[in-house]
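Visitor: Please take a close look at one helix and its setting, and describe what surrounds it.

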Amino acid sequence: MNPAAALAALLLTCVAPAALAQATASTPATDLTAPVAQDSAVVVAEQFHDLLRQGQRDAALQLLAPDVRIFESGYSEDTRDGYAANGHLDDDMHFAAGTVRAVQQRHIVSSAAGDLTCIMLIANIRGKYQGQPVNLVQSETMLLQHEAQGWRIVHIQWSGHSAQN
């Protein structure tokens, strides 16, 4: 299933109130200490952020599907290779290395078959980037698809705004 079709299928689930209530009932948004299976989509999503922060470019790229769609602040990447080639990945690694990301809320919704998971979160990000202080509230939506080799990120949507002091 291509990322656009996967996203459309899962978003239909995400917007259904009963599905969202069921998903958040099993993984409350406020319980960030709940145990997570080691092979779960959440672990892969967090690994991606850790790898960005550590500057592990190749390992981070392996967690992305070849046809990943990345939307950030009105910009779009249509493939893993495009994300890597035009400097966007490098900028994200520098940003992650200079900041601390603290997840405040996380909602997880999975397809009935269990092969698609949508992770929606709000995080506070603080630190420095390009010599400037950073104090942001970021929203992130990440769609992961389970494939033969494990979970792969097929879509990321990032947006943020300045945090109120």
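Guide: In helix H6, residues 88-97, the buried positions are His 88, Leu 89, Asp 92, Met 93 and Ala 96; helices are DSSP runs of H or I with at least four residues, strands are runs of E with at least two, and both are numbered from the N terminus. Buried means under 20% relative accessible area, exposed over 50% and partly exposed in between, with a 1.4 Å probe and protein chains only. Viewed down the axis of H6, the buried residues fall within an arc of 135°, so they line one face of the helix; the arc is that of the directions from the helix axis to the C-beta atoms. His 94 and Ala 97 are exposed on the other side of H6.

This is a predicted model, in which local features need pLDDT of at least 70 and side-chain atom pairs count only at pLDDT 80 or more, while totals for chains, interfaces and linings use all residues. Residues are numbered from 1 along each chain as its sequence is written, and side-chain values use heavy atoms, with hydrogens and water left out.

The sheet is open, with 6 strands in the order E2-E1-E6-E5-E4-E3 and mixed pairing, where two strands pair if DSSP finds at least two bridges between them. Strands E2 (75-77) and E3 (99-110) stand at the edges with a single partner strand each, so one side of each is left without a neighbour in the sheet.

Within the sheet, E4 (residues 116-129) and E5 (residues 132-147) pair in the antiparallel sense over 14 bridges. H6 packs on the sheet, touching E1, E2, E3, E4, E5 and E6, contact meaning heavy atoms within 4.5 Å. The direction of H6 makes about 65° with that of E4; axes are lines fitted to C-alpha atoms, for helices over the stretch in contact, and angles run from 0 to 180 degrees between N-to-C directions.
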